[in-house]
Amino acid sequence: MIVNQRSLQNLRLFIDLMIINLVFVVAASLAQSIDILVARNYMFILLLLLNIIWYFSSAMIRFYDEGGLRYLSFQFINIGKNSFIQLIVAVIFIFIAKEDLFTRNFILLYSGGIFFLITIRTIFFRKFLSSLRAKGKNLRNTIIIGAGEVGNNFAKMLNDNPDFGLHFLGFVDDNDSIHKSTLLGSTGELSSILTTNKIDEVIIALPAYASDKLNEVIKICNTNAVRTHIIPDYFKFISKKFQLNMMGNFPIITVRQEPLDEFQWRFIKRSFDLLFAIVVLLLICSWLFPLIIILIKISSKGEAFFFQDRIGKNNKIFKCYKFRTMHLNSDKKSFIPTTKDDPRVTGIGKFLRRSNMDELPQIFNVLFGDMSFVGPRPHPIAFNNAYTELYDEIKLRHLVRPGITGWAQVHGLRGDVVDEVEQRIRTIKRIEHDIWYIENWSFSLDLQIIFLTVWQMIKADTKGF
C-alpha cells in the first residue's frame, strides 16, 4: 500500500511546525524565564509570525515537495536557508518591538535549535522511509518510456538511489533490440502495461526525433490517471546551474545561470576587489615592489615590468601587467610554454614565477577594472586561439572578469607543458575548473581561493616554472 504523498508532505510540515513552537518556548525560557515570556505576551505574535514565515518560505523553495526525490545535501541547504530566514525575521521583530531581554541568546538558541532538530527529523524521516521501502512498502511503480542514453542513465540513478521510493519495472520502447529483461513492451501496448503493472509514475525520456509519439503517450497516461514526467532530450546541453522562468505563458529554460549575472553579487565582488587592492598596495606592495624592481634590474637588463595583451571580460583586450621574469626580447617566443630550468628565465624570475609574485602588478589591473582578484586566468591572444581548438565553450570564461588567481590555479593547473597530450588534458581540466567557478561563485569561495593562493605562495608550491 502506498502512503499518499500529500499526506507525507503535510505530516513533515506539521512536525516541523511543532518543532518551531517547542524550540521557541524552550529558547525563550533558557534566555530569560517562562514567567517573563508570559508577561511579555507580544512575543507570541513573533511566534505566530515565525510559523507563517516558515510555511511560505518552505513553499517558495519547495522544501516539502517530493522531499524523498532530492539528495540529502540539498535538503540540508534548504533547512539552512529556512533557519536563516527565521533568524532574520526574529532580529527584525525584536528590533522593531525594542525588546531588551529576548535578544542575542534567544535568537541563537532558537535558530540553532530549529536547524539542528529539523535536520535530525529529516534524517530520521528518510531512514524510516528507507526501512519501509526495503520491505517493499511505500514504493511507486515506475516505468521509463524511451530506452536511449537518457533513459538508461535515469534508470541507473533510480536503482542506485532506492530512498527515492521509485521502483523501476522496465522500459517501454519501440526498438526490438533492447534487452528483453528490461523491455515491458512497445508504446502501442502502453495502456495495457499501465493497467497490468499498476504503474504510479511514468518517466518520458524520448529522443527529439520521437516527439510525434509524445502527445499519444501523454494522452494514454492521462486516460489512465498516471502521473507523468518528461526529461527533455536537450538536457545534455544544460548545465547543472540552469534556471526555469515563465515569460508570459511560456516556460523558458536558461541553459546556464551565473551568480555574478546579478547586480548585487557583482557589486559585492567589485567592492571587495577595490578595498582589498588598496589594503595590499598600502601594506605590502608599497615596500615589496621597490625591492623586487631592484632585484630584477640587478638580475638582467631591461624594464622591470612586462606588458602583454590578454583577453578579458566580454572578449575585451587589455594590457596585463607582470614583473618581467625572462631575459629581454624572450617574450617574442612567448607562445612556447615555459618549462623547468628554462634558459629564458632570469635568476630572480625563477623565484618570482615559483612563488606567483610575478603576478602581483596585476593589482593595478584590478584597480582599473580589467581584472578581479579571483577569476579565470586571462589568456594571451595566441594561447587563447590555440585553446579554442581544444575546448569549444572556452568563451564562457569571458562572462566574468579574469583573476590574478583562480579555482584552477589552486588545484595545480597553472601554466603549460611541452608534451602535447598532457597539455591537452591540463588545458581541458583548467577550462572546466574555470567554468565550474563561474557557475558556483560565492563570496566565501573567493576568500577560500585567496587563502589557498597565499598558502601556496608561502610554501612556494604554485606549480609555476
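Predicted model: local features only at pLDDT ≥ 70, side-chain atom pairs only at ≥ 80, totals over all residues.
Reader: Before we turn to the strand, how many helices and strands does the protein have?

Author: The secondary structure comprises 14 helices and eleven strands. Of the 465 residues, 44% count as buried.

Reader: How are the side chains of a regular strand arranged between the two faces of the sheet?

Author: In a regular strand, side chains alternate between the two faces of the sheet.

Reader: In which sense does β1 pair with strand β2, and over how many bridges?

Author: β1 and β2 (residues 166-172) pair in the parallel sense, over six bridges. Within β2, F171 is the bridge partner of I144. Between the two strands, the chain passes from β1 through helix α6, residues 149-160, to β2, and this β-α-β crossover is right-handed.

Reader: Over how many bridges do β1 and strand β4 pair?

Author: β1 and β4, residues 201-204, pair over four bridges, in the parallel sense. The bridge partner of I143 in β4 is V202.

Reader: Returning to the protein, what share of its contacts with a separation of 6 or more comes from residues 24 or more positions apart?

Author: Such residues account for 71% of those contacts. As for the surface, the protein exposes about 25800 Å², of which carbon and sulfur atoms supply 64%.

Note on methods. Residues numbered from 1 in each chain as written. Heavy atoms only, no water. Pairing = 2+ DSSP bridges. Right-handed = clockwise from strand over helix to strand, strands pointing away. Buried < 20%, exposed > 50% of the residue type's maximum accessible area, 1.4 Å probe, protein only. Contact = heavy atoms within 4.5 Å. Areas by Shrake-Rupley, 256 points an atom, 1.4 Å probe, with all protein chains shown as cover.
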